[in-house]
Amino acid sequence: MRHPVVMGNWKLNGSKEMVSNLLKGLDAELKGVEGVDVAVAPPAMYLDLAEQLIGKGESKIILGAQNVDVNASGAFTGDISPEMLKDFGASHIIIGHSERREYHSESDEFVAKKFAFLKEHGLTPVLCIGESEAQNEAGETVAVCARQIDAVINTQGVEALDGAIIAYEPIWAIGTGKAATADDAQRIHAAIRAHIAEKSEEVAKKVVIQYGGSVKPENAEAYFAQPDIDGALVGGAALNAESFAAIAKAAAKAKK
Ligand code: PEP
């Protein structure tokens, strides 16, 4: 049985006050909630504060981050290394988010390099994949997801996916309120798992595949009722403690 993981991607949002209120609120909301891993990815600027606050609380919030570089140190202005993330207690690192693929021209190959670098440093990659609206309409969804995953499998072997998390996020559903139906998401998740199973049934059975794209407390339960949806990567709704906790609780309940 796969353990569900619900992760909040705070993107470019936050202030010391917001980080503090949100984490304290989450800590209170998640008291006694078992059966789901809950992670948050604040902007890198606030990892220090988040680490301190999480350390003080009783909840088991996992600290994550939104990006990593492919270099360990040196003349790479503005970048962040895996060891720096580890230094602040961040373990679950989002890579290949569609916003980075689009606004920073990150290719499948570059994202795969980040994947390898995170694994090398004992961190958990949260590999975002997903199709654009045009690709969806052209019926290319599964092929696009397979290509994005193959960039990792073909360079590192299917075993590299062991212990990693895949987040299937249709780009047209991110931040739009236009979520995929639970049935459609399940169909794609099953196809992604089947694609991995072609290389290793064992790895396919174990790998956590989150759905992301306008997940809210109102629709979360329907996703988590699906056999191949093992959690969620949440943007907008993760900025509110009550909403995000409601999504985490829905995962814990559905996957009992
Ligand atoms: C995301 O940014 O990964 C995301 C899924 O955002 P939202 O939940 O706002 O659609």
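Where does Arg-2 lie? Select Arg-2 to begin the tour: this residue belongs to the segment before β1, the strand of residues 5–9. The model on the screen is a predicted one.

**Stop 1**

**Stop 2: helices α1 and α11**

Two packed helices are described by the angle between their axes and the distance between the axes. Select helix α1, residues 16–29, together with helix α11, residues 241–254. The axes of α1 and α11 are 9 Å apart, and the packing angle is about 40°. That angle makes α1 oblique to α11. The crossing of this pair is right-handed.

Now show the side chains at the contact. From α1, the residues are Leu-22, Gly-25, Leu-26 and Glu-29; from α11, they are Ala-241, Glu-242, Phe-244, Ala-245 and Lys-249. Sorted by class, the contact of α1 with α11 comprises five nonpolar, one polar and three charged residues.

**Stop 3: helices α10 and α11**

Which residues of α10 meet α11? Select Pro-217, Ala-220, Glu-221 and Phe-224 in α10; their partners in α11 are Ser-243, Ala-246, Ile-247, Ala-250, Ala-251 and Ala-254. The contact of α10 with α11 has eight nonpolar residues, one polar and one charged.

**Stop 4: helices α7 and α8**

Select helix α7, residues 141–156, and helix α8, residues 182–197. Their axes lie 10 Å apart and the helices pack at an angle of about 40°. The two helices are therefore oblique to each other. The crossing of α7 and α8 is right-handed.

On the α7 side of the contact, display Thr-141, Val-142, Cys-145, Ala-146, Ile-149 and Asp-150; on the α8 side, display Ile-188, Ala-191, Ile-192, His-195 and Ile-196. In this contact of α7 with α8, eight residues are nonpolar, two are polar and one is charged.

**Stop 5: the cavity**

Rolling a probe the size of a water molecule over the atoms shows where empty space is left. How many cavities of 30 Å³ or more does the structure hold? The structure holds one. The volume of the largest cavity is about 50 Å³.

To find the place, select the lining residues: Gly-96, His-97, Ser-98, Arg-101, Cys-128, Ile-129, Gly-130, Gln-148, Glu-169, Ile-171 and Ile-174. The elements that give two or more residues to this lining are α4 (98–103) and β5 (124–129). The lining of the largest cavity divides into four nonpolar, five polar and two charged residues.

**Stop 6: the largest pocket**

The last stop is the largest pocket, which holds about 560 Å³ of space. Of the 22 residues that line this pocket, select the closest to its centre: Lys-11, Leu-12, Gln-66, Asn-67 and Arg-100. Which element gives the most to the lining of the largest pocket? Helix α4 does, with three residues. By class, the lining of the largest pocket has 11 nonpolar, six polar and five charged residues.

Key
Residues numbered from 1 in each chain as written. Predicted model: local features only at pLDDT ≥ 70, side-chain atom pairs only at ≥ 80, totals over all residues. Heavy atoms only, no water. Axes fitted to C-alpha atoms, helices over the stretch in contact; angles between N-to-C directions. Helix = DSSP H or I, 4+ residues; strand = E, 2+ residues; numbered from the N terminus. Contact = heavy atoms within 4.5 Å. Nonpolar A, V, L, I, M, F, W, Y, C, P; charged D, E, K, R; others polar. 1 Å grid on protein atoms, 1.4 Å probe; cavity = no way out; pocket = protein on both sides within 12 Å on 5 of 7 lines; lining within 4 Å. Points joined across faces, edges and corners; volume = space filled by probe spheres on them. Parallel < 35°, antiparallel > 145°, perpendicular 65-115°, else oblique. Left-handed = near helix turned anticlockwise from the far one by under 90°.
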